[in-house]
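Here is a short briefing to read alongside your model.

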Amino acid sequence: MRNAMNIKFKGIEVNFTETDPHVEVSEKLQAQYPHHLILIQAGNFIHAFNKSAYVLHHLKQYKIRLAGPAKSPHLLVGFPAANYKQRLWPLLDEHGLASVLVIKNSVEISDEVSCTMIDAVSDEIVNEVIEDLIKHKQLKTGSIAKALAAPTTQDFIFKTKATELDLQLLKDLIKLPRDLRSTWGESVRQTMQNIMRNTFLYGNEDNKPQLLKQLSADIDLIRHYLCQAQALNQLNIGFEHRVGLVVELGRILGGLQRAQKVTP
């Protein structure tokens with residue numbers, strides 16, 4: 001949920017005009033909202049700095065560049081402010097990202113979340129990217145993938161995708177005739193309950209490899225039920241979209257399993 005309010009941030013005294021905002025403002029907002037993307041309008045563009053810039057560069061391939069004085073450069077990504085909602089909201093919703101968006105004299109703050117991609121981008125990684133840009137005029141492949149491929153981030157993305165699939169399938173099941181809902185639908189609901197339970201259990205589970213095996217089996221089972229759906233004439237669901245989510249869950253799960261194998 002996004003709410004608009006006047007800008008009143010403790011420790012930040014800035015007059016937001018059409019000029020480029022100072023990076024210090026973004027850093028103070030990032031400290032106050034550590035799980036959010038920080039986005040600030042400057043004239044006809046919306047800017048993101050450092051951690052937020054890096055995440056946007058990774059997700060949308062926006063050009064990332066250095067800005068500021070040579071002795072203390074920072075990362076900057078910018079995109080046109082026109083139609084920013086059409087550009088931004090689908091991205092935030094798809095990846096479960098929270099944001100603080102400063103537009104002239106107001107700010108839109110989305111609901112707090114416990115963990116996002118922004119948490120995987122450390123100050124060390126930002127400094128490495130800055131060093132890459134200074135020395136090589138481009139980012140190294142290793143630096144690009146380092147943060148957002150972290151197991152903790154993949155865990156969060158998996159949870160986001162699983163939650164989306166659970167909601168979409170629930171909407172589908174509600175529309176089914178009673179006989180299908182109590183047969184095919186019940187099998188789907190039970191399997192999704194297992195997936196969601198194990199997804200939320202993952203962070204506190206000691207035997208993660210075994211739990212991931214259970215998740216893998218349940219994801220395969222959901223894929224099987226969705227394939228059955230094509231043979232049931234009375235089913236009217238967004239088959240391609242649901243299968244796409246299942247395939248994405250399988251891909252992320254494979255990454256988590258590989259990460260467990262290399263973890264000492």
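pLDDT is the predictor's confidence in each residue, on a scale from 0 to 100. It matters here, as this is a predicted model. The mean pLDDT of the protein chain is 77, with 79% of its residues at 70 or more.

- Among the elements of the chain, helix α8 (residues 184–201) has the highest mean pLDDT, 92, while strand β1 (residues 2–6) has the lowest, 43.
- Residues 1–20 have a pLDDT below 50, and in the model this stretch makes 46 contacts beyond near neighbours in sequence.
- The pLDDT is also below 50 over residues 140–149, a stretch with 24 contacts beyond near neighbours in sequence.
- Please keep in mind that where pLDDT is low, the predicted coordinates should not be read in detail.

**The chain as a whole**

- The protein chain holds 10 helices and seven strands.
- Of its 264 residues, 47% are buried.
- Taking the contacts with a separation of 6 or more, 63% are between residues 24 or more positions apart.

**Helix α8 and Thr 199**

- With 18 residues, α8 reaches 26 Å from its first C-alpha to its last, close to the 26 Å expected at 1.5 Å a residue.
- Several residues of α8 are buried, including Trp 184, Val 188, Met 192, Ile 195 and Thr 199.
- Setting aside neighbours within four places in sequence, Thr 199 is in contact with Phe 158, Lys 159, Ala 162 and Leu 215.

**The second largest pocket**

- Rolling a probe the size of a water molecule over the atoms shows where empty space is left.
- How much space lies in the second largest pocket? The second largest pocket has about 220 Å³ of space.
- Its lining consists of 16 residues, and those nearest the centre of the pocket are Glu 27, Gln 30, Lys 51, Val 121 and Asp 123.
- Helices α1 (23–32), α2 (50–60) and α4 (123–136) each supply at least two residues of this lining.
- Which element gives the largest share of the lining? That is α4, with four residues.
- Sorted by class, the lining of the second largest pocket has seven nonpolar, five polar and four charged residues.

Conventions
Residues are numbered from 1 along each chain as its sequence is written. This is a predicted model: local features need pLDDT of at least 70, side-chain atom pairs count only at pLDDT 80 or more; totals for chains, interfaces and linings use all residues. Side-chain values use heavy atoms; hydrogens and water are left out. On a 1 Å grid over the protein atoms alone, a cavity is a set of points where a 1.4 Å probe fits but cannot get out, and a pocket is an open set with protein on both sides within 12 Å along at least five of seven lines; lining residues have an atom within 4 Å of a point. Grid points are joined across faces, edges and corners, and a volume is the space filled by probe spheres set on the points. Ala, Val, Leu, Ile, Met, Phe, Trp, Tyr, Cys and Pro count as nonpolar, Asp, Glu, Lys and Arg as charged, and the others, Gly among them, as polar. Contact means heavy atoms within 4.5 Å. The expected span of a helix is 1.5 Å times one less than its number of residues. Buried means under 20% relative accessible area, exposed over 50%, partly exposed in between (1.4 Å probe, protein chains only).
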